[in-house]
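Visitor: I am new here and would like to understand the words you use for a structure. Could you show it to me and take my questions one at a time?

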Amino acid sequence: MSGPRQGSSQPQFMTSVGQNNNVSNGPGTPLIDSIDVDQIVIPEKNSWKNLFSYIGPGFLVSIAYIDPGNFETDLQAGAQYKYELLWIILIASCAALVIQSLAASLGVVTGKHLAEHCRAEYPKVTNFILWILAELAVVACDIPEVIGTAFALNMLFKIPIWCGVLITGLSTLMLLFLQQYGVRKLEFLIAFLVFLIATCFLVELGYSKPNSSEVVRGLFVPEIKGDGATGLAISLLGAMVMPHNLFLHSALVLSRKVPRSVHGIKEACRFYMIESAFALTVAFLINISIISVSGAVCSADNLNPEDRMNCNDLDLNKASFLLKNVLGNWSSKVFAIALLASGQSSTITGTYAGQYVMQGFLDLRMTPWLRNLLTRSLAIVPSLIVSLIGGSSAAGKLIIIASMILSFELPFALVPLLKFTSSKTKMGPHTNSRFIAVLTWAIGSFIMVINIYF
């Protein structure tokens with residue numbers, strides 16, 4: 001073991017901490033490379049007050065579960081099957097918590113994030129292929145964010161979709177402005193946006209008044225009826241766990257300087273799980289609210305023929321007009337604000353995931369503004385072309401295509417994560433227990449099978 005951050009007090013299995021310490025920490029350096037400067041120091045004392053210091057990464061991760069792509073899938077589920085598919089969201093959220101906790105534990109225990117482990121463990125060709133797939137996942141994640149933000153700007157300010165796509169490029173400047181204040185301020189901003197989205201949909205619930213007993217039944221009584229229900233259920237489940245999120249979560253936890261004692265590492269893993277559970281619960285409630293609002297609105301008795309037709313093929317743009325017609329103009333504006341908050345917060349987390357992916361797989365450091373511009377350009381170009389040629393309808397279909405790409409790529413991040421967290425060499429006493437190993441491989445295999453089927 002080498003590197004100034006490695007002392008003799010560290011466990012033997014901490015074989016990979018402390019590389020690249022000779023890199024200067026300039027303003028253009030990604031957070032992962034300036035870890036000594038930017039880390040939040042966690043005190044050694046055993047106290048529940050430490051939990052507050054760990055709060056943050058889970059909220060950045062939870063954004064992927066409430067991005068514009070999830071909005072669209074939720075809207076379609078509610079419009080076509082009312083509350084019948086709510087139980088899918090419950091199962092997917094539980095599976096997501098287990099998988100995200102593994103990603104957090106990998107970073108805490110080993111001091112390296114998932115992309116760095118891939119570079120260390122796999123041959124150059126395999127590592128290069130995994131990097132390409134991870135980069136495609138980041139771009140595919142960025143497409144719904146670009147289109148979702150463009151839809152929101154159209155709903156709020158009547159800006160054409162193609163113009164809104166170009167305007168989303170300005171989020172690069174916002175991210176650069178935020179980065180100079182450090183990761184903690186960014187975490188607070190994302191948490192605020194998550195709660196803003198939750199508040200917006202609580203207001204929508206108040207407008208739409210879904211039947212509470214039917215909602216509870218949909219949550220706890222599994223049923224799939226209708227020809228297209230199976231495909232939509234698979235879409236809901238496959239869209240919940242995103243590949244870039246596994247790279248992101250394992251890296252974000254490194255922003256905390258955890259005591260390297262056995263107790264300190266164990267406490268960090270436990271608190272990160274609690275923090276992730278809280279953040280993902282908020283995301284779960286938002287997804288439930290979207291489906292419930294869509295189900296209540298599309299099952300209303302007073303729908304006119306045009307609104308009834310919109311419910312048969314509901315997308316983000318049609319949802320705004322539907323809510324306006326059925327619940328009133330304010331409902332449409334509230335939905336647009338939630339969509340805008342979702343798109344912008346997803347943009348920030350997607351950019352951070354891209355930075356960690358490039359640094360981890362290639363050991364390549366790119367200044368944040370250039371990295372953000374590159375990723376955003378790759379997402380804007382297809383979004384702009386599609387919105388110019390096909391309009392809002394084609395742009396909405398592009399969101400579904402991007403979600404399918406993410407579903408296909410999930411195994412290439414999930415399998416390495418399960419492999420590394422099951423390794424005693426890497427995780428030592430914190431390796432997955434036999435029960436957790438069986439459970440996680442079963443969850444991973446199930447998700448991979450349904451994604452292949454989808």
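Visitor: How many helices and strands are there in the chain?

Guide: The chain has 21 helices and two strands. Helices (H or I, at least four residues) and strands (E, at least two) are DSSP runs, numbered from the N terminus. Please keep in mind that this is a predicted model, in which local features need pLDDT of at least 70 and side-chain atom pairs count only at pLDDT 80 or more, while totals for chains, interfaces and linings use all residues. Residues are numbered from 1 along each chain as its sequence is written, and side-chain values use heavy atoms, with hydrogens and water left out.

Visitor: Why is valine 334 called buried?

Guide: Buried means under 20% relative accessible area, exposed over 50%, and partly exposed in between (1.4 Å probe, protein chains only). Valine 334 has a relative accessible area of 14%, so it is buried. This valine is found in helix H17 (residues 329-362). Of the 454 residues in the chain, 59% are buried.

Visitor: What is valine 334 in contact with, leaving aside its neighbours within four places in sequence?

Guide: Valine 334 is in contact with Cys200, Val203 and Glu204, with those neighbours left aside. Contact means heavy atoms within 4.5 Å. The C-alpha atoms of valine 334 and threonine 199 are separated by 9.3 Å, and these two residues are 135 residues apart along the chain.

Visitor: What makes a set of residues a nonpolar core?

Guide: A nonpolar core is a set of buried Ala, Val, Leu, Ile, Met, Phe, Trp, Tyr and Cys residues joined through side-chain atoms within 4.5 Å. The largest one here has 127 residues, and Phe71, Ile286, Phe335 and Phe361 have the most contacts inside it. Helix H14 (residues 262-298) gives the most to this core, with 18 residues. A second, separate core has six residues, including Ala64, Ala140, Cys141 and Met242. In soluble globular proteins, nonpolar side chains tend to be buried together.

Visitor: How do you know that there are cavities?

Guide: On a 1 Å grid over the protein atoms alone, a cavity is a set of points where a 1.4 Å probe fits but cannot get out; lining residues have an atom within 4 Å of a point. Grid points are joined across faces, edges and corners, and a volume is the space filled by probe spheres set on the points. A search of the whole structure finds four cavities of 30 Å³ or more. About 60 Å³ of space lies in the second largest cavity. Its lining includes Leu75, Phe201 and Phe335, and H14 supplies the largest share of that lining, four residues.

Key
On a 1 Å grid over the protein atoms alone, a cavity is a set of points where a 1.4 Å probe fits but cannot get out, and a pocket is an open set with protein on both sides within 12 Å along at least five of seven lines; lining residues have an atom within 4 Å of a point.
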